[in-house]
Amino acid sequence: MKDKILQYTTRLGDDSLVLGHRLSEWCRNAPFLEEDLALINVSLDYIGRARMFYTYAAELAADGRTEDDFAYLRDQREFSNLLIHELPKGDFAYTMLRQLFVDVFYNLFLPRLAESGDETLAAIAAKAIKETRYHLRRSHEWTLRFGLGTDESRQRAQRAIDQLWGYTHEMFDLDALEADLVEAGIGVDSSALKAEWEQQVSAILNEAELKLPQEEWAVRGGREGYHTENLGQLLNEMQSVHRAYPGLEW
Amino acid sequence: MSRSDTLELYEVFLRSRRGLDHKHVGSLHAEDPEQALEYARDVYTRRGEGVSIWVVRSNDICASQEDDSESFFDPSNDKPYRLATYYELPDEVNNM
């Protein structure tokens, strides 16, 4: 069971780290200064969350590894994040619509993880809930701004939705590992969140006069380590300093 | 479109602790008051500086002008009797 919790915790850490790093790419590239700071705050929330998950994972592994080993010394096949987190940052609409999809998800997921039978996971979730409520407030408002703004903002938002949609289904998959942990009262049954997620997302898209995609396509594989080419590039950049100067401190 | 076409300037006021007044801490650009409030949170309270935020559209502030300072502020300079220190207290009054 301990090994399963370790795997589960690593997954959650990977989700947070990869998305946090993606968001950090907006640093000094956001549309204007205030938004730059706001986005980087969100990025730091995710990286902070990743640290908590990895620290706990290292504790469970008890083999001398630290949070840094989890973040910087694993290759892409060993990363088990959901694909939606690793997709490129795209334009600003793409980044914010991705946030909308994951923010609605985490607003459903984290309150349940906060009731986990594993005290550490529950504590991490309880801390992250407050952050994620604020994230959703931002992505919700930006979605309205895009949808009800100019022709261009509406088109870009709609394009982002259409391109991201097929990556949302993976968030609600439940594999054998997670099913076991749900059974044990430790993991969250994310498949049970799908109906509510769809309802909340479609309400927001309706409000913004944007359309839910009709196409039925889905990309999966992140949990088994099968990634898009984007993750390799991200890890290359993120891990380069640590790999070039192992153990360097400053 | 440049930023100045779409974004307005807002002044930010923070209450650092309960019981204290809101103090002016700076300004920022935003599209509407709601967004200004969120940016104020993100820009000015990152290190736990506040428990309450006000934002006000800079254009909505009516401010005294440099040109007015003679007529506004100089007249009070020669009216020392408006200050408590102008008055000599009788010895019987201690510890004022």
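This is a predicted model: local features need pLDDT of at least 70, side-chain atom pairs count only at pLDDT 80 or more; totals for chains, interfaces and linings use all residues.
B:Gly48 belongs to the loop that lies between helix 2 and strand 3 of chain B.

The strands of chain B form an open sheet of 3 strands in the order 2-1-3, and their pairing is antiparallel. Strand 2 (23-30) and strand 3 (52-57) of chain B are at the edges; each has a single partner strand, so one side of each remains without a neighbour in the sheet. From one strand to the next, the twist averages 30°. Strand 1 of chain B, residues 8-15, is joined to strand 2 of chain B by 7 bridges in the antiparallel sense. Opposite B:Leu14 stands B:Lys23, a residue of strand 2 of chain B.

Helix 2 of chain B, residues 33-44, lies across strand 1, strand 2 and strand 3 of chain B, and runs at about 120° to strand 2 of chain B.

Chain B also touches chain A, in a contact that takes 11 residues from chain B and 7 residues from chain A. On the side of chain B, strand 2 and helix 2 each supply at least two residues. The largest share, 6 residues, comes from helix 2 of chain B. By class, this side of chain B has 5 charged, 4 nonpolar and 2 polar residues.

Conventions: Residues are numbered from 1 along each chain as its sequence is written. Chains are lettered from A and ligands numbered from 1 in the order in which they are written. Two strands pair if DSSP finds at least two bridges between them. Helices (H or I, at least four residues) and strands (E, at least two) are DSSP runs, numbered from the N terminus. Axes are lines fitted to C-alpha atoms, for helices over the stretch in contact, and angles run from 0 to 180 degrees between N-to-C directions. Two residues are in contact if their C-beta atoms, placed from the backbone, lie within 7 Å. Ala, Val, Leu, Ile, Met, Phe, Trp, Tyr, Cys and Pro count as nonpolar, Asp, Glu, Lys and Arg as charged, and the others, Gly among them, as polar.
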